[in-house]
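Dear colleague,

I am passing on the structure below, together with some notes on its salt bridges. Please read them alongside the coordinates.

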Amino acid sequence: MYKVLIADDEFWVAALIRNSIDWDTMGLELIGEASDGEEACEKILSLHPDIVITDIRMPGLNGIELMEKIRLMRLKVEFIILSGFDSFAYAQAAVKYNAVSFVLKPLDEEELRQALLTAVERLHSIHVFQETTAQAQSQLEELRNAFFFRTIKAESEDSFSASLETINQKYSCHFQEGHFFVITAQLERIPDPALCRKAAERSLALLRASALDAYFLSEERRFICIVNASFSPLEDYRKLAALLFQCQESLCRQADIPVSAALGTIETGWPRLYRSYAVSCRLLRSRVTDGFGRLYLWDSQRNASDNPHVHLPISRELHLSTLIETFETEELEGSLKNILDQVIQVSPGSDLLFLVLEELIKIYRQTVNQMHIGDLTGLMTQQQYLACLEQCDSLPQLKQLLCRLFVHPLERYRQEQSCSETNISSQIKLYISKHYQENIRLIDIADHLYRNPSYIGYIFKRDMGISFSEYLAAYRINIAKAYLLDTRLTISNVAEAVGFGDTHHFSKTFKKLVGMTPAAYRKKSVR
């Protein structure tokens, strides 16, 4: 519903307008009246009408002067001009200030109604245009931001063949040849939208005063500034990063949100922007050991990629894999925390810490994949795990998250499986009793039971006190004892009859479990 204000110094004219129009039917609301131009101006500023019906000749400001003043203020108001004089000069002035209509007195109700309808149509058209424009702008911003995120999170520059000219045309940017880099700020917690908007406005105002082009992105707890600049001394980039950090830090301080920031590497081409972002993220990892409130600059830091080949001792890797395979989650949690503590003792910084974390992620992923339970435990990619860990703000938080990512999924899987593990050990024993003569493996039984081999091996050992392979060997040897009483069978015949394809292996296993060779056992038993 559009709002209407009447401005006329003749009260009977105002009364006539007020009583001659069915305001509700026309979708209008009469919000007030003014008896002179100055009062009308004050009410326009306070009541914000969409339509003003004003007489030309009034005390103080006349109707033309009122229109001129409001137009200079760039207020969106539609004017309908009333006049008792059929003057070309008045009509010309009304046209100059884009009045809806010039209506002569004495008023014709239908003519006034038509003028109001025209004003409503014009307002509606403006509203539709503004809405369409805003929607198009919003869609463009969404597309542009999506493109920016794809660019900075890429793992190589191979997929970015578009020229700057193409990017500028497609996403309404103003990039030029020069340097490209990213300044990333990490907040302790997710800011409210109002803070994001204010940070964007101030950041862009600061950046565009000294750069060719700049854009601001926000993602959860991060502010990301993409900058295109032409100056070359590294010191200039450091000064700009410091100014931007001070700007954002002062805003976040008001909201009681600690913040850190990092300047990525300075790249000479748009497709390599992902490198700058990756470096800024890597620098921000130092929050874990150094805490919030600092600006990290790449040139003052040791390049973590100078020593990318960090490996845990093979014995440690095997131990971790075994703990994962056997679902020893309590010991796994302790081992992970112990590894992190040892790394911090050796190197207090974050570089070595995250290189070791990358190695731990690889070990976990490989083991869980080999167990064929990746889908059931929500296994993520290497980069996804790293992105999660990079969100941590302290070493205790990092330890907790590592347990949530590695230990808790295994615990949930074990609990879910325990709900349906009834008689698993019994089924394994039954399968062995029927197939002991064959070359059976735990994975064969797992396929038969539609289960995970590592998990049923864990359940069997928990229930029986010995592993599947130990139980199978003992079961076969017990059967072999009965066969050995039949002297018509050779030792080789017996070995084959109980599932040993190799006589030497049979004899070695028999002696280990019984304490004597098969031949000695036969000799002793058949006396």
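Arg488 is exposed, with a relative accessible area of 74%, where exposed means over 50%, buried under 20% and partly exposed in between (1.4 Å probe, protein chains only). Its side chain meets that of Asp486 in a salt bridge, at 3.0 Å from N to O, and Asp486 is partly exposed at 25%. Salt bridges that share partners also join Arg221, Arg287 and Asp393 into one network.

Please keep in mind that this is a predicted model, in which local features need pLDDT of at least 70 and side-chain atom pairs count only at pLDDT 80 or more, while totals for chains, interfaces and linings use all residues. Residues are numbered from 1 along each chain as its sequence is written, and side-chain values use heavy atoms, with hydrogens and water left out.

The structure holds 16 salt bridges, each being a side-chain nitrogen of Lys or Arg within 4 Å of a carboxyl oxygen of Asp or Glu. One of them pairs Arg122 with Glu78, whose closest N and O atoms are 3.0 Å apart; this pair links distant parts of the chain, 44 residues apart, with Arg122 in helix H5 (residues 109-152) and Glu78 in strand E4 (residues 78-83). Helices (H or I, at least four residues) and strands (E, at least two) are DSSP runs, numbered from the N terminus. Arg122 is partly exposed at 23%, whereas Glu78 is buried at 6%.

Arg253 forms a salt bridge with Glu249, the closest N and O atoms lying 2.5 Å apart. Both belong to helix H8 (residues 234-254), where, being four residues apart, they are separated by about one helical turn. Arg253 is exposed at 53%, and Glu249 is partly exposed at 23%.

Best regards
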